[in-house]
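Please keep the sequence and the three-dimensional view at hand while reading.

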Amino acid sequence: MPLAEARAVLSPSSEEESGGLEVIEANSGRDRESLAIQCRCAWRFTPRVALPPVPGVGRPAGSDPRTRPESLLANITGCGHLFGDDHGLAMAMQEDWSQRGFRVRVAVAGSPGTAWAIAHAAHWTGQPAAPLVVTPGRDEQWMRRLPIEALALETRVVRTLRELGVLRVDRLLELPASEVKRRFGDETLWRIDRALGQIDEPLDCLPMPDPVVAWKAFEHPVSRMDWLEEVLQGLVVEVAEGLKRRGRVAWRLVCRVCHEDSEVGPGGPGRAGGRMEWATGLVEPGREAAHLWGLVQLRMQRHRWPRQVTRLEVQAEGLVVPERPQETLFDADAEAACQRVKRGLVRLVERLANRLGRHAVAWPVLSDDVVPEAVVQLRPVAGPGVDGTSGRADLSGPEANGGRVGPASRPLRLIDGPRAIEVMAVAPQGPPVRFGWEGRTCHVSRYWGPERIETGWWTDRQVARDYYRVEIDTGEWYWVFRRHGEEDWFVHGVFE
Amino acid sequence: MSRLEQIDSLARRLRRMERSRRPLEAGEVVEGTGHAALDSLLPAGGLARGRLFEWINARGPGTGAVTLALLAAGELTKDGENRTAGALAVIDRDGGFYPAAVAEMGLSPKGLLLVRPESETEWLWAVEQVLRSPAVDVMLTWADRIDDRVFRRWQLAAEAGGGVGMLVRSAEALGTPSWASVRLLVRGWACGDGMECGGGSGKRVGRRWSVRVLRDRTGGGGDDGFEWLLEWDDETGGLHLLSRLECPAPAGVQATR
């Protein structure tokens with residue numbers, strides 16, 4: 001209910017100007033802090049409890065109901081039997097908070113998205129707020145019955161869908177994905193997949209009160225790098241042993257350096273007040289000391305070390321229980337070889353991402369966008385460990401584009417910002433016959449086209465181009481285009 | 001270490017240093033490219049694992065050496081009956097590599113890893129790391145100028161990793177020393193080169209190259225004076241051998257980039 005409406009309902013009496021209405025400004029930061037306190041109560045049910053994702057981190061900015069500080073996400077895998085079963089655990093949770101004066105709704109499902117939707121379903125459908133446990137494998141069946149708000153879509157999308165008469169999830173899922181994407185964008189498809197549990201959504205669990213940390217304070221400031229490296233290596237080994245004792249693996253190691261160096265002061269990222277901090281991230285959580293130390297060394301190379309170091313500290317964050325690989329009955333050798341390749345790739349990617357930066361290593365994913373510049377999307381390979389966001393590296397790689405034109409229809413090098421060319425002669429209804437490129441005159445001997453690439457006027461990026469593949473007399477191939485209705489020609493790609 | 005052990009160690013190092021100059025050994029694996037024309041052109045009958053291959057553009061980058069290198073690598077990126085394919089890593093300093101074209105070439109786009117280093121130092125390091133990784137089957141990068149020692153490190157890294165390194169270079173590299181096992185000169189073959197082909201907006205897209213093996217350390221040979229004329233068929237996606245011509249010297253080489 002809007003505030004103005006509430007004020008109107010509670011009309012002011014003569015004694016009290018506000019009509020007995022107490023107005024408190026919303027403060028999401030304080031709400032998150034309160035929610036973090038509630039996590040402590042959840043640790044008696046499971047050690048893996050996370051707050052809602054932070055708005056705008058890892059995803060485009062937009063109103064996302066999932067980021068509202070009103071839910072706790074808990075991974076209860078392997079904990080249900082301590083309370084009889086999963087339903088017993090859910091009942092115990094609800095009872096625990098009710099006794100402390102909170103009104104809570106508990107839902108257990110196969111993915112955070114479905115659990116969130118079902119926990120909120122009572123709000124939209126008016127159903128009783130009893131704990132609900134979804135039978136494994138029936139998440140989507142449950143989701144289909146819920147209103148579209150359960151998909152945690154953007155407000156404008158929900159409003160438009162309601163205007164179109166799409167009120168329930170099953171009606172929305174009947175629409176072709178390409179139509180939904182064209183009308184509402186990639187973000188909407190991503191949110192639908194998230195709600196249906198089709199996107200792996202690892203929880204960035206809050207650290208337990210007893211952190212896995214190792215530190216060393218020096219009596220006198222130390223500047224010798226070889227000493228510092230030796231101490232740091234010892235701390236990494238100590239943390240790795242701590243993880244092993246605790247039966248956990250970590251998504252990242254945070255190294256903190258306290259120093260008295262005046263040259264390395266405030267201004268740089270993570271450097272302020274004589275303290276420097278950086279995180280070494282992993283693509284898959286781990287605890288192998290040698291591997292962790294190798295990554296820390298690579299990450300160190302990206303920073304200028306301060307002199308006069310007074311204290312070193314290493315802390316493991318994002319602790320999770322290690323996953324046990326599923327055993328196979330048949331063809332164990334092939335499975336082992338596959339795992340070896342995958343593990344090797346993860347190790348390589350971790351090294352590259354920590355040394356070159358997360359942005360420098362990516363898996364390309366092809367979309368069905370027609371605009372050449374938008375066809376390829378780069379998916380960062382890093383997981384929660386690298387930047388603290390909740391996007392797991394998808395090692396499945398890019399998906400094939402269904403709308404292929406044929407072999408060699410696209411160049412292997414796309415010029416960032418099409419380059420204008422000087423054209424000496426143009427074939428009637430065709431491409432240039434002679435044009436200047438990199439200081440020489442190119443004579444076109446063969447060409448293929450035009451291939452018209454055009455987007456709708458209602459899209460953000462309006463494009464109307466006629467593309468030609470041209471072969472010049474020296475055997476080189478280029479991708480040229482002219483904007484529809486204009487005379488200027490551009491080279492947009494090289495068939496390397 | 002005794003003198004005998006020291007001599008033995010030095011002899012082992014010497015053998016290892018000379019390995020790239022020696023023919024293929026019995027245990028070395030040669031992978032077919034999936035294109036009979038390329039297999040017959042490549043000295044060992046395919047791509048020997050743990051080796052570097054240089055693809056030199058006789059003219060500008062539009063000549064198509066990268067296309068040929070990726071066509072040759074296609075078979076390595078597919079899962080086999082008894083093996084799981086590793087990644088195809090493309091290390092692109094310029095940032096213009098366009099993966100949309102890769103899927104069209106018959107390559108499995110699964111596991112295409114794109115690395116974009118920002119500086120030369122990072123690029124050199126990244127190439128060595130990728131070559132050294134056993135999880136990468138094919139590494140492709142553009143390398144016009146390479147220091148001799150760096151080149152040697154890459155070659156040793158490729159041996160350690162067991163993958164195939166594809167180096168695409170401009171014609172400037174022709175006069176420089178190389179640690180690659182095979183050096184191939186690629187020249188685009190246009191319609192005006194005396195070959196019969198559809199004119200104007202011809203419907204056939206067949207792209208033609210002439211390829212010459214300039215250096216071969218896997219078989220111990222060098223330039224045999226032959227140019228292989230290949231055509232990439234747009235209808236079948238296959239690579240066909242059109243002819244094998246005898247030419248006294250590589251023609252049409254122009255150092256542009």
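The sections below treat the model, the interface, and selected parts of each chain.

## Basis of the model

This is a predicted model, in which local features need pLDDT of at least 70 and side-chain atom pairs count only at pLDDT 80 or more, while totals for chains, interfaces and linings use all residues. Residues are numbered from 1 along each chain as its sequence is written, chains are lettered from A and ligands numbered from 1 in the order in which they are written, and side-chain values use heavy atoms, with hydrogens and water left out.

## The interface between the chains

Contact here means heavy atoms within 4.5 Å. By that rule, 55 residues of chain A are in contact with 63 residues of chain B. The size of an interface is often given as the accessible area lost when the parts come together. Buried area is the accessible area (1.4 Å probe) that two parts lose on being put together, summed over both. For chain B and chain A this comes to about 5000 Å², with 62% of it on carbon and sulfur atoms. Of the area that chain B buries against chain A, 15% is supplied by B:Tyr98, B:Glu104 and B:Trp125, more than any other three residues.

A salt bridge is a side-chain nitrogen of Lys or Arg within 4 Å of a carboxyl oxygen of Asp or Glu. The count between the two chains is one salt bridge: B:Asp92 forms it with A:Arg413, and the closest N and O atoms are 3.3 Å apart. A polar contact is a pair of N or O atoms within 3.5 Å; within protein, one must be able to donate a hydrogen and the other to accept it, and residues adjacent in sequence count only if both atoms are side-chain atoms. Across the interface, 14 residue pairs are in polar contact, both residues being at pLDDT 80 or more.

## Strands that pair across the interface

Helices (H or I, at least four residues) and strands (E, at least two) are DSSP runs, numbered from the N terminus. Two strands pair if DSSP finds at least two bridges between them. Strand β10 (residues 361–366) of chain A pairs with β5(B) in the antiparallel sense over two bridges. Within this pairing, B:Leu114 in β5(B) is the bridge partner of A:Ala362.

Chain A has 14 helices and 17 strands. Buried means under 20% relative accessible area, exposed over 50%, and partly exposed in between (1.4 Å probe, protein chains only). Of the 496 residues of chain A, 44% count as buried.

A:Thr46 is found in the loop between α2 (28–42) and β1 (49–50) of chain A. This residue counts as buried because its relative accessibility is 0%. The side chain of A:Thr46 reaches the backbone nitrogen of A:Arg48 at 3.1 Å, and a polar atom of that side chain lies 2.6 Å from the backbone oxygen of A:Asn75. Leaving aside neighbours within four places in sequence, A:Thr46 is in contact with A:Ala74, A:Asn75, A:Ile76 and A:Cys79.

## A covered strand in chain B

In strand β3 (residues 51–57) of chain B, seven of the seven residues are buried. Both faces are covered, with B:Arg51, B:Phe53, B:Trp55 and B:Asn57 on one side and B:Leu52, B:Glu54 and B:Ile56 on the other.

Seven bridges join β3(B) to the parallel strand β7 (residues 164–170) of chain B, where B:Val164 is the bridge partner of B:Arg51. Five bridges join β3(B) to strand β8 (residues 182–188) of chain B, also in parallel; there B:Leu185 stands opposite B:Ile56.
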